[in-house]
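Subject: Structure for your files

Hello,

Here is the structure I said I would pass on. My notes on it follow below.

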Amino acid sequence: MKLLGCMSGTSLDGIDVALLEVEEREPTGVPTGLPTAIPTVQWELRGFHSRRFTSVEGDRIRSSLRGGGPRDLALLHTALGMWFASAVRELLEEVGVAAEE
């Protein structure tokens with residue numbers, strides 16, 4: 001299974017995206033003291049991408065957070081969604097994975 005994680009921290013410098021390939025493995029035995037065996041999870045980092053905010057984008061975020069009204073924040077929310085989607089697309093293109101996967 002493929003998992004995609006996205007985040008933007010408090011530094012307001014950009015968006016980080018990671019793509020993991022995760023596989024559950026059958027347990028090999030029952031650990032002492034447990035009623036059943038616990039499956040293990042194996043994962044591999046397939047790719048990582050950082051998308052920096054442009055100076056205009058960073059200024060817009062800071063301005064909206066400092067004193068933006070409901071309209072400013074709603075528009076910023078929409079713009080952030082588009083910037084996150086752009087970062088995801090860039091990562092998928094870099095690693096050669098189709099969005100449908």
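Which residue takes a positive phi in the hairpin of strand 1 and strand 2? It is Leu 12, with a phi near 60 degrees, in a hairpin that has six residues between its strands. Please keep in mind that this is a predicted model.

Strand 1 and strand 2 run antiparallel and are joined by six bridges. Within the sheet, Leu 3 stands opposite Leu 20 of strand 2. Between strand 2 (residues 14-25) and strand 3, also an antiparallel pair, there are 12 bridges. Here Glu 24 stands opposite Val 41 of strand 3.

The core

The largest nonpolar core has 13 residues. Those that touch the most other members are Ile 15, Val 17, Leu 19, Phe 53, Ile 61, Trp 83 and Leu 92. Strand 2 and helix 2 each supply at least two residues of this core, and helix 2 gives the most, with seven. As background, nonpolar side chains in soluble globular proteins tend to be buried together.

Leaving out residues up to four places away in sequence, Leu 19 touches Lys 2, Leu 3 and Leu 4, then Glu 44, Leu 45, Arg 46 and Gly 47, and finally Leu 91, Leu 92, Val 95 and Val 97.

Glu 57

The side chain of Glu 57 makes a polar contact of 2.9 Å with the side chain of Arg 51. Apart from neighbours within four places in sequence, Glu 57 is in contact with Arg 51, Arg 52 and Trp 83. Trp 83 is also one of the core residues listed above.

Regards

Technical notes. Residues numbered from 1 in each chain as written. Predicted model: local features only at pLDDT ≥ 70, side-chain atom pairs only at ≥ 80, totals over all residues. Heavy atoms only, no water. Polar contact = N/O pair within 3.5 Å; in protein donor to acceptor, adjacent residues only side chain to side chain. Contact = heavy atoms within 4.5 Å. Pairing = 2+ DSSP bridges. Helix = DSSP H or I, 4+ residues; strand = E, 2+ residues; numbered from the N terminus. Core = buried A, V, L, I, M, F, W, Y, C linked by side-chain atoms within 4.5 Å. Buried < 20%, exposed > 50% of the residue type's maximum accessible area, 1.4 Å probe, protein only.
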